[in-house]
Amino acid sequence: MTSLDANTLTSLFERFADRFAAERDALIALDGKVGDSDLGLTMSKAFAAARDRVADLEAPDVATVMKQAGAAIAKAAPSTMGTLMATGFMRGGKALDGAPALDTAALAAFWRAYAEGVAQRGKAQLGDKTVLDVLDPIASAVEAQAGAGADLGAAGRAGVEAAAAALEATKSMVAQHGKAAAFGEKSRGFQDAGGTVACILAEEMNAFLAAQA
């Protein structure tokens with residue numbers, strides 16, 4: 001599979017919405033260890049809104065799908081993580097402006113813009129134990145696949161493998177942002193909740209791409 005059109009891409013958000021609904025309680029429990037326990041509620045609400053928004057689009061292009069998903073998330077979930085996810089999709093969508101379809105190069109551009117947008121909005125750096133610590137490796141892995149001329153299926157697999165390894169690595173980090181930072185060394189040993197969200201995105205993206213093959 002070399003590319004996907006915008007109408008096919010909208011069904012990705014059905015997967016995101018279903019997965020975050022299913023993971024709601026698990027994310028609440030994870031976030032409650034060093035956060036405020038609202039992540040599961042926020043993400044399930046955010047991606048339900050994104051699913052509904054993109055389903056209503058008429059003759060969209062791939063950039064519009066991603067940007068409108070981000071706008072829906074921003075409105076439905078104006079929390080810290082909701083704002084970061086909204087920024088990621090809107091920045092990623094902007095990187096797709098003019099793209100006739102989603103191919104591996106476009107997917108790489110999307111993930112890099114997503115990661116950079118989150119870093120800028122959240123003022124995060126690699127190693128701070130945030131969602132960026134998983135987003136950046138996803139972007140790098142997909143960029144490498146694009147550079148090698150790989151198809152979307154290979155890029156999706158590389159992204160999810162990078163995400164899983166990066167999420168595991170967050171367990172050894174100490175949180176530097178948000179409520180988790182107040183726990184200091186006690187935040188070590190737990191996987192980052194935001195990073196878990198990024199890993200879920202990569203997993204569902206991979207499953208979606210595999211289903212299109």
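Student: What pattern does the chain follow when it is read along the sequence?

Tutor: Before the answer, a caution: this is a predicted model, in which local features need pLDDT of at least 70 and side-chain atom pairs count only at pLDDT 80 or more, while totals for chains, interfaces and linings use all residues. Residues are numbered from 1 along each chain as its sequence is written, and side-chain values use heavy atoms, with hydrogens and water left out. Helices (H or I, at least four residues) and strands (E, at least two) are DSSP runs numbered from the N terminus. On that basis the chain has 10 helices and two strands, and its pattern is β-α-α-α-α-α-α-β-α-α-α-α.

Student: And what is its radius of gyration?

Tutor: The value is 16 Å, close to the 17 Å that the globule rule gives for 213 residues, so the chain is as compact as a globular protein of that length. That radius is taken over C-alpha atoms, and the globule rule is 2.2 Å times the number of residues to the power 0.38. Along the principal axes, the C-alpha atoms fill a box of roughly 45 × 35 × 30 Å.

Student: How much of the chain counts as buried?

Tutor: Of the 213 residues, 51% do, where buried means under 20% relative accessible area, exposed means over 50%, and partly exposed lies in between (1.4 Å probe, protein chains only). The chain exposes about 9,000 Å², 50% of which is supplied by carbon and sulfur atoms; these areas come from the Shrake-Rupley method with a 1.4 Å probe, and for residues only the protein chains shown count as cover.

Student: Switching to helix packing, at what angle do H8 and H10 cross?

Tutor: The axes of H8 (residues 132-147) and H10 (residues 193-212) cross at roughly 30° and come within 7 Å. That makes H8 roughly parallel to H10, since angles under 35 degrees count as roughly parallel, over 145 as roughly antiparallel, 65 to 115 as roughly perpendicular and the rest as oblique. The axes are lines fitted to C-alpha atoms, for helices over the stretch in contact, and the angles run from 0 to 180 degrees between N-to-C directions.

Student: Which residues make that contact of H8 and H10?

Tutor: H8 contributes Val134, Leu135 and Ile138, and H10 contributes Gly195, Ala198, Cys199 and Ala202, with contact meaning heavy atoms within 4.5 Å. By class there are six nonpolar residues, one polar and no charged, given that Ala, Val, Leu, Ile, Met, Phe, Trp, Tyr, Cys and Pro count as nonpolar, Asp, Glu, Lys and Arg as charged, and the others, Gly among them, as polar.

Student: Then there's Glu204, buried or exposed?

Tutor: Glu204, which has its place in helix H10, counts as buried at 9% relative accessibility. Not counting residues up to four places away in sequence, Glu204 touches Leu12, Arg15, Phe16 and Arg19.

Student: And over in H2, which residues are buried?

Tutor: Leu12, Phe13, Phe16, Ala17, Arg19 and Phe20 of H2 are buried, and what covers them includes helix H1 (6-9), H3, H4, H5, helix H6 (80-95) and H10. Ala17 lies in H2, which spans residues 12-22, and counts as buried at 4% relative accessibility. With residues up to four places away in sequence left out, Ala17 touches Phe47, Ala48 and Arg51.

Student: What does Ala113 contact, leaving aside its neighbours within four places in sequence?

Tutor: Ala113 is in contact with Arg91, Gly92 and Ala95. Ala113 lies in helix H7 and is buried, with a relative accessible area of 15%.

Student: Backbone next: what is phi of Ala59?

Tutor: Phi of Ala59 is near 50°, a positive value in a residue other than glycine. As background, most residues other than glycine have a negative phi. Ala59 has its place in the loop between helix H4 (39-55) and helix H5 (62-76), and is exposed, with a relative accessible area of 76%. Lys129 also has a positive phi, about 60°, although it is not a glycine.

Student: Where is Lys129?

Tutor: Lys129 has its place in the loop between helix H7 (104-122) and H8, and at 5% relative accessibility Lys129 counts as buried.
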